[in-house]
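The points are grouped by topic.

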Amino acid sequence: MSDMPLSRRELLRTFGNGFGTLALAGLLEQAGLLGKESVTTRPSSRPLASRPGHLTAKAKAVIQLFQNGGPSQMDLFDPKPELSKRHGQPHPEQVETFQLGNRNVLMGSPFRFAKHGQAGMELSELLPQLASVADDLCLVRSMHTENNNHPFAINMMQAGKTFFGRPAMGSWIGYALGTENQDLPAYIVLRDPAGYNTSGRMVWSSGWLPAVYQGTEFSATGTPVLHLRPSRPRPREAQARSQDLLSQLNAMHLEEHPRESELEARVQNFELAARMQLSATDVLDLSRESSATRTLYGLNNPATAGYGARCLMARRLVESGVRFVQVFPPLSPSFQPWDNHGNLRDGLKTICGHVDQPSAALLRDLKQRGLLDDVIVMWTGEFGRLPITEGADGRDHNRHAFSLLMAGGGFKGGCIHGSTDDFGYRALENRVSVHDLHATILHQLGIDHTRLSFLHNGRPERLTDPEVTGARIVHELLA
Amino acid sequence: MKRMISRRFMVATSMILCYALLVLGRHTTRTLGSEESPPPSFEKDILPILAKHCHDCHGGDRQEAKLDLRTLSTLVRGDPGSSLLVDILERGQMPPGKKNKLSPAELLRIRDWVKAGAHAKEKLVALPPRGQVSDKDRLFWSFQPPRKPRVPVVKSADRVRTPVDAFLLARLESKGMTFSAEADRHTLIRRAYFDLVGLPPSPKAVRAFLDDGRKDAYERLIDELLASSHYGERWGRHWLDAAGYVDNRLFDGDLATIYPNDGIWRYRDYVVRAFNEDKPYDRFLIEQLAGDELVDWRRAAKFTTETLDLLSATGYLRSVEDHTSEPQYGIDKRYDVLFGVMETFSTSVLGLTMDCCRCHNHKYDPLPQRDYYRLMACFEPAFNVFAWKRPQERFLADVAPLERATIDQQNAQLDKQVSALQALLKVADKAKDVAGIADLKTRMGMLQAKRRSYGKVQALWDVGRPPASRLMRRGNVNAPGVLIQPGFPEILQPAGTTPFKAASAAGDSSGRRLALARWLTRSDHPLTARVLVNRVWHHHFGRGIVATLGNFGRSGSLPTHPELLDWLAVDFAENGWSIKRLHRQIMSSSAYRQSSRRPPAEAKTSVGERIDPDNSLLWRMNLRRLEAEVIRDSILTISGTLDRQMGGPPVELTTPVDGASEVKTSATGSQRRSIYLFARRVYPLKFLEIFDAPIMPVNCTQRSSSATVLQSLTLLNSEFLFAQSERLASRVLSTAGMKLRAQVRESFQAALSRPPRDAELSRCDGFLADQTRTYAADNKTREQAIRRALADLCHMLVSTNEFLYVE
């Protein structure tokens, strides 16, 4: 008898009625001390349990530093001397614009570029901190996408199609791999507490995947998770007693409805809710960080403090086993801060001033802690910008070319991949589609993108939809 | 597989060839009468040969050797000797392999056809009218019209209350199983209430039902609930999911900004009324698709209630996401609206995933791309891309156009008079003529009061002349292909059906949607009735007879009980398409009245558990979680705060930066049923969103029912739960008084519709005592302490699994 693992129900009976009992069962199970026989074998009862992918994983987690609005490649990542030379002349072809009334006149970048790192990666003066970690960056200059307006292109980057209703990449990854920390959600979203960026919560929707895989918003200020604490605080004793009562009422109900996995999952969720009250608070408590670290992320500087805090939280979250963390840029100057239709010079300076240092700090910090090998960091917008001028000093949307940065998780540091035409309008060499990018990220996480599928309305759906999109793994980006 | 591919390519290439021929035909002169016998016909003689031998590799999707039969590069009309196709075939270079050669007769036919000018018959629709769907395709169950099977005879005849039972028992008995025992009355009344009205029964209603000794007490209960106006709110909500109903237009990507779609709520109210009136489902569909074509509203002097109702009904397709209000967008975004219409229509009513054939022939179902665009052509006169109405312009007044013109004119005159007075007022102001100012202001006020206004109806109507419809190659609207005539999917029509004929519409309208609606509601339609009865079944049993509600095609689930589905479908259409009758049929069955409980753990080896653990044969009732709206509405009901007012403009929500939207407390009706809250596409009320209220970038044919941590946190900690529990506690106190046991009993009755069991009673009794002590020690008065303790008990009861699930 003593060798037999305890069943969940036996445990309940043996140890009676405490609220913590089920939590204990969860812990024992994690530690392998408790037989799984009593927990229904249907995956739905433990949808977030960590599980291996199809292949050997090179990386365990992803931090997506999403830069919505469309960062300007020719002003940040992709220097175009020819464009500067022909500043003020008409573009030889009529470029595809989004806004009405664009003149077709070339505009050189007002910013200087210099070579950085051993690879001599040319980056703009606006990104001095990222430039200082150039040898850890994998720069792709030949990205392209399918739509030139924000909501559709964002959906493309996040969910693989320009139309809405499909699961986000983070949801797919949680669905495939579960997560390592059962006290926290698999997919966590960190946004500016002042509001939502473009498309808001659609960006982290799980579409038709089970809702447990959707992104959970963690707030960088105040209570980290919605309803994490009672809206009407009670004495600790009273609160514990209430939850004990609930736990017991549910346990009795479960006895009458044996083997209903959904009811069991719900009982587990109440335990998780209790655990999260501690774990979510702890993991987001930045006061535990050294002052050196806080300075590194720019927490002492008003320009970088907000975004820096989110980057630092992202590190703490992946460190504690969260699978996918999505970080959004500040809502100032706008809810799509990289959307420089006008006032490019000042607008770009401002947003780079918010984002550059914390982004670089995250990479440095992860590397210092030996985490960069396990964590993929991606720094990307939804599309790029046009080489022609909009108004006096602005650039319109461009779906034909944009640049992005990858780092860690087996991506090759100091790599510069692909190129665009003389003006940066169109990706030319080694073009990389958004689907290719998704396939490559999944590959590094140990997921075969052709096999990760979910039966929706009778059809096996996939993030990369490889037959239609021809998505392929871009091995050239990998170390 | 091979067969499927060849059919697909046959379709693609035949269309393409014909189109190419059509285009070329303009420049070629026909050489008529030069042949002795009639030249081979493309459709009859040539297409089958190409389909059999060529199209697998050189069709639209695959173009080996870059040979693309979309071009005429391989043919020279009237000159077989110069035609590459003829040359390659005759030399035997193609098709490859020994087995797949053309016979001499086939070769000759092709030569003759090219020589005769390579003509094809069809002129407008450059397609053969038939030949894209094979007889074998028609064998699939859902494409055959349902026939009413004989009701089987079963052993446990005593459990057969309606034919539903006979069909289910026949399957169960064949596996050595039978129904579970009947659920107790507490369970039954709760189940019936949640299923039909989406609200819990009051303790009084429970008592009355328990005490009702009449034989037909249960049937009477069902009738009573079906007669309740809350029934329409409950079942209207199911339909609004399928229709993708939202109260705002545009994308709703920005939490802080709401673009209301003024007047769309009239559609919501129409739906609620239709369910309450038990509007026959065929009529319901006809009105939603073509209400505007049933009455000559354009020339009406006044709108009758009926006219307004018919126009409101067409709001069905007015929730489709539409970005065309933004000036940057061109024609492609207009087509996106049409594609959205097709998706909503095909998944909600047809039960087919037609979206696939926007770009190519359906991979699983015999739905050629052509049929997608034929069906779409039925909607194109209303969503006319060449006479486009942007969403903010696409509304009608709730008064007749003539009346609206008169009102507009009168208002303009009044405005003119007012502005004239305004000029005088300025003068009087300067002169400080106090009496004059007062007089002018009075006169202006009187004029203003004469202004008349009218409301908006978000309706659908034909705009301008019907545009030419085209197939979009690869679904790309910038690559229009052949002209298409309106029509219905070939697979859903009996072979040899006459081509599409528009219905004669009242007033100035193409009648295409009306024709579609009439076709859809034919009693022998293979899908319409099946899809609906299956949807109703799903909401009663937690799973459809076909599990994929929006997909009855080959890639969907097969029916667990095909005969039952067909029997219900035919019976439904035969008996006036009455949904209320269908509820009675289902709910009065023994199957529906079974207990949901699995056998106790010791009896794990029970037959049902062993043979059918998923309960697909329905040997017990399924346990079902309440939907989001039902959870909120039920909590409001038991706390006594539910505002039962029906209809009208939606109740506004807040838009806080943290996304935790709430009902505006300043709004009138903040405690109304959830169906009346402002329905946002992306940001529904946070509480509802947490419990799986769908977000609606497209319509929702089937909700998910998740169990997330956020739900647990919301139940434990949200202000809504605290506030409502406190109200419930006050109610309990007012009837139970200060005795703890009475309080426990009363709380259980209110929250769970049943008395507490002994163990629960003593546990909760003890809880109240302990909790009261704790609060008393926390500097609360005894009265406060008792209230708080009781509120905690109520709060926990409402958070239990038992509360959240219908047994």
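Helices (H or I, at least four residues) and strands (E, at least two) are DSSP runs, numbered from the N terminus. On that basis, chain B holds 30 helices and six strands. The model is predicted: local features need pLDDT of at least 70, side-chain atom pairs count only at pLDDT 80 or more, and totals for chains, interfaces and linings use all residues. Residues are numbered from 1 along each chain as its sequence is written, while chains are lettered from A and ligands numbered from 1 in the order in which they are written.

**Chain B overall**

- Along the principal axes, the C-alpha atoms of chain B fill a box of roughly 110 × 100 × 45 Å.
- A residue is buried if 20 or more other C-beta atoms, placed from the backbone, lie within 10 Å of its own, exposed if 12 or fewer, and partly exposed in between.
- Of the 807 residues in chain B, 51% are buried.
- Two residues are in contact if their C-beta atoms, placed from the backbone, lie within 7 Å.
- Taking contacts in chain B between residues at least 6 apart in sequence, 72% join residues at least 24 apart.

**Nonpolar cores**

- A nonpolar core is a set of buried Ala, Val, Leu, Ile, Met, Phe, Trp, Tyr and Cys residues joined through C-beta atoms within 7 Å.
- The largest such core has 320 residues, and the members touching the most others are Ala314(A), Val325(A), Val377(A), Met406(A), Val533(B) and Cys794(B).
- Helix H12 (residues 344-368) of chain A supplies the largest share of this core, 10 residues.
- Beyond its neighbours within four places in sequence, Val325(A) contacts Ile63(A), Ile188(A), Leu190(A), Ala314(A), Leu317(A) and Val318(A).
- A second, separate core of 15 residues has Phe42(B), Val86(B), Leu102(B) and Trp113(B) among its members.

**Interface between chains A and B**

- The contact involves 58 residues from chain A and 57 residues from chain B.
- On the chain A side, strand S6 (216-219), helix H8 (236-256) and helix H9 (261-283) are the elements that give two or more residues.
- H8(A) provides the largest share of that side, 11 residues.

**Helix packing in chain B**

- Helix H19 (residues 528-541) and helix H20 (residues 562-574) of chain B have axes that come within 8 Å and cross at roughly 110°; axes are lines fitted to C-alpha atoms over the stretch in contact, with angles from 0 to 180 degrees between N-to-C directions.
- H19(B) and H20(B) are therefore roughly perpendicular, a class covering 65 to 115 degrees, whereas angles under 35 count as roughly parallel, over 145 as roughly antiparallel and the rest as oblique.
- Ala529(B), Arg530(B), Val533(B) and Asn534(B) of H19(B) make this contact with Leu565(B), Leu568(B), Ala569(B), Phe572(B) and Ala573(B) of H20(B).

**Selected residues**

- Ala420(B) lies in helix H16 (residues 401-431) of chain B.
- Because 12 other C-beta atoms lie within 10 Å of Ala420(B), this residue is exposed.
- Ala420(B) and Pro467(B), 47 residues apart in sequence, are 46 Å apart in space, C-alpha to C-alpha.
- Thr469(A) lies in helix H14 (residues 466-469) of chain A and counts as partly exposed, with 19 C-beta neighbours inside 10 Å.
- Leaving aside neighbours within four places in sequence, Thr469(A) contacts Ser433(A), His435(A) and Thr464(A).
- A separation of 36 Å lies between the C-alpha atoms of Thr469(A) and Asn343(A), which are 126 residues apart along the chain.
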